[in-house]
Amino acid sequence: MSLLVLVITGCGSIQRVQTPMDHSSGSSVIDINQGQANSAILSPKNLNAAAFKNMGNLAFIWEGLLFTLDGETGEVKQLTYSRHALHPIWSYDGEWLAFISADGPSLKSGQLWLVRKDGQQAHQVPGINSVQANDQNLSWSPTTNVLAVSGEEGLWLVPVQGKPTLKFKGSHAYAYGPWSPDGKYIAYNVMNPPNTQGSRDEDLYTLNVNSGETVKYITAENAGIIIATWLPDGSGLLYWLDPLHSASLAADGLELWSLKFNDVKPKLVSTGLAYRDWLSFSPNGQLLMVSGGGRIIWAQKSLTISSPKSGSTLELPNPAGSIATDPSFSPDGSLIAFVAAKNLGNEVWGFSESDDLASWVATRLLWIENADGSAAHPLQSAGTGVYQPVWSKDGTHIIYVQNNSLWIIGANGENPEKILGPFADWKKDQFGFYGYIRQDDFAWFKS
């Protein structure tokens, strides 16, 4: 095994791992690890490893290639050298990465690959055809290094070594975030064939991973089921109900339901857009979410805290003249980070001038408040145009997207620093889907 080490001053060392053969699986990895090192595309101007010190590990895609940054040592490793990597996600222990390898940046599907964080044992997963690069189709077990994959053939379980197992056959099986917190069960939904009236029902199941036993809990009549997540104690699930399987209705907001396995009927939690990254749980099981209908995010959006157990709901006040999105509970549940932006009202459906859109994006600020909505205040030092705030494991820092780059800031607003960027691809579209944008070219393993 040979290593080619290049040092970029102020950026940390970058290692290229050459792996001509993955001996554990016997499959060639030439396609993914072949070629000249492309480390020169990263420089101190793009990457500040010191800003990520002791924050865990960061996987990121830079100009189509997959890298990792070790927060303890500052070491950067380049893991791919050809094709275009998409959607990296960490295993539960931070030892493995799954990602999609596509033919080009315009594609959102491709081959499924696994690789160790040090670049070793990279291999394409055999037997599974093209996989879409999104959270609905890929999810690691929370307790073991097994990946659940919704592919064209059905629902697969993929170990890091050995062959995948097809657990449910059918192209209409979906299993977003399917694992129960103890890793013993998977939740999935299945679209049934049309009935005599032409409508299509969907069923919600759980699968016992060890025994193979399945249990059907509900049938949605002529409606789709979009699994949101498990309740933190594993006692049930949250899901959105999509009437008539309508993409148009879903775009304007859906009802979020709580299904407790021991209850007779599910309970309505709230109504909002079906974005899973707009859901955040506190340690005691309180659900923080964005409520409010309508597909435009610059109107009617506020934060709500609900208790799936009791059904109680508390709507938090927005900053004056603003909407609120992108919520995130601190690890101890005492604080909330969120993004507030100017409320443009329901009459604004788009922007005829790019400057008008940029002006609205510039109103997106990072805010902090107590869990009851009190003491809300902006972290002005974070800058404008903020997206996707996420807390560090110890609650001392927040990582966020700003100005097409990845930043970190202290929870009190101190020492904002750019970690990585700007990402060229992030500059292309500030509108997203009626204002909603989520970047998935990076994945943070917290330690």
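**View 1. The largest cavity of the predicted model**. The volume of this cavity is about 50 Å³, and the structure holds one cavity of 30 Å³ or more. Its lining consists of Ser258, Lys267, Leu268, Val269, Ser306, Ser307, Pro308, Gly311, Ser312 and Thr313. Strand S24 (residues 267–272) provides the largest share of that lining, with three residues. Classified by side chain, the lining comprises six polar, three nonpolar and one charged residues.

**View 2. The largest nonpolar core**. This core contains 50 residues, and those with the most contacts inside it are Leu58, Phe60, Leu69, Ile419 and Leu420. Four of its residues, the largest share, belong to strand S30 (residues 335–342). A separate core of 19 residues lies apart from it and includes Ile100, Val125, Leu138 and Val160.

**View 3. The surroundings of Leu69**. Leaving aside residues up to four places away in sequence, Leu69 is in contact with Leu47, Ala49, Phe52, Gly56, Asn57, Leu58, Phe60, Gly74, Glu75, Val76 and Ile419. Among these partners, Leu58, Phe60 and Ile419 are listed with Leu69 as the core residues with the most contacts inside the core.

**View 4. The second largest pocket**. The space in this pocket amounts to about 270 Å³. It is lined by 16 residues, of which Val361, Tyr387, Asn403, Asn404 and Gln430 are the closest to the pocket centre. Helix H3 (354–361) and strand S33 (386–391) each contribute at least two lining residues. By class, the lining of this pocket divides into seven nonpolar, seven polar and two charged residues.

Methods: Residues numbered from 1 in each chain as written. Predicted model: local features only at pLDDT ≥ 70, side-chain atom pairs only at ≥ 80, totals over all residues. Heavy atoms only, no water. 1 Å grid on protein atoms, 1.4 Å probe; cavity = no way out; pocket = protein on both sides within 12 Å on 5 of 7 lines; lining within 4 Å. Points joined across faces, edges and corners; volume = space filled by probe spheres on them. Nonpolar A, V, L, I, M, F, W, Y, C, P; charged D, E, K, R; others polar. Core = buried A, V, L, I, M, F, W, Y, C linked by side-chain atoms within 4.5 Å. Buried < 20%, exposed > 50% of the residue type's maximum accessible area, 1.4 Å probe, protein only. Contact = heavy atoms within 4.5 Å.
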